[in-house]
Amino acid sequence: MNWRGSYTLQIALASAARANLKVRFNNEYSRPLLSAGVGRDNAIARHGIHGAYHLYSIDVPGRLLRTGTNTIYLRQSKAVGPFEGLMYDYIRLEEPSTA
């Protein structure tokens with residue numbers, strides 16, 4: 001564990017429709033590391049085809065991580081209908097460089 005370094009959380013969204021993604025680590029009530037309103041592709045209504053791809057690289061201070069189990073909270077905080085939301089492609093947490 002590197003508490004002084006900065007980790008990188010990579011989140012790739014395959015589609016988003018009028019969504020607001022919030023990302024937090026180990027405390028679901030903390031200030032989000034990312035709060036992003038995204039999407040107007042309406043791919044959810046079309047069963048996931050032809051969505052606009054979004055890639056986010058989020059710096060995560062090592063001090064937010066714990067030895068052992070960590071929890072990443074991803075919340076879609078804006079939805080008033082069935083066709084508003086997010087579809088992710090991948091989520092990856094990268095360790096700081098040792099060089």
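This is a selection-by-selection tour of one protein chain, a predicted model.

Local features are taken at pLDDT of at least 70 and side-chain atom pairs at pLDDT 80 or more, while totals for chains, interfaces and linings use all residues. Residues are numbered from 1 along each chain as its sequence is written, and side-chain values use heavy atoms, with hydrogens and water left out.

**Whole chain**

Start with the protein chain as a cartoon. The secondary structure comes to five strands and zero helices, in the order β-β-β-β-β from the N terminus. Helices (H or I, at least four residues) and strands (E, at least two) are DSSP runs, numbered from the N terminus. Switch to the C-alpha trace: along its principal axes the trace spans about 45 × 30 × 20 Å.

Colour by burial next. Of the 99 residues, 34% count as buried; buried means under 20% relative accessible area, exposed over 50%, and partly exposed in between (1.4 Å probe, protein chains only). The accessible surface of the chain is about 6500 Å², and carbon and sulfur atoms hold 49% of that surface. Areas come from the Shrake-Rupley method with a 1.4 Å probe, and for residues only the protein chains shown count as cover.

Contacts here mean heavy atoms within 4.5 Å. Among contacts with a separation of 6 or more, 77% are between residues 24 or more positions apart.

Thr8 is buried, with a relative accessible area of 19%. Leaving aside residues up to four places away in sequence, Thr8 touches Ser57, Ile58, Asp59, Arg92, Leu93 and Glu94.

**Tyr56 in strand E3**

Move to Tyr56 in strand E3, residues 54-61. At 16% relative accessibility, Tyr56 is buried. Show the C-alpha atoms of Tyr56 and Ala12: these residues are 44 residues apart along the chain, and the two atoms are separated by 6.3 Å. The neighbours of Tyr56, not counting residues up to four places away in sequence, are Leu9, Gln10, Ile11, Leu13, Leu34, Ala36 and Val38.

**Charged side chains**

Select Lys, Arg, Asp and Glu. There are 12 positive and 7 negative side chains, and the centres of the two sets lie 8 Å apart. Lys and Arg count as positive and Asp and Glu as negative, without His and the chain ends; the place of a charge is NZ of Lys, CZ of Arg, CG of Asp or CD of Glu.

Side chains of opposite charge can pair when their charged atoms come close. A salt bridge is a side-chain nitrogen of Lys or Arg within 4 Å of a carboxyl oxygen of Asp or Glu, and the count by this rule is three.

- Select Glu84 and Arg18: their closest N and O atoms are 3.2 Å apart.
- Select Arg75 and Glu28, where the closest N and O atoms are 3.5 Å apart. Arg75 lies in strand E4 and Glu28 in the loop between E1 and strand E2 (34-40), so the pair ties together parts that are 47 residues apart in sequence. Arg75 is partly exposed at 41%, and Glu28 is partly exposed at 28%.
- Select Glu94 and Arg92, whose side chains meet at 2.7 Å, N to O. Glu94 is partly exposed at 26%, and Arg92 is partly exposed at 38%.

**Two positive phi values**

Most residues other than glycine have a negative phi. Return to Arg18, where phi is positive, near 45°. Then select Asn26, with a positive phi of about 60°. Asn26 is in the loop between E1 and E2 and is buried at 11% relative accessible area.

Leu74, in strand E4, is partly exposed at 39% relative accessibility.
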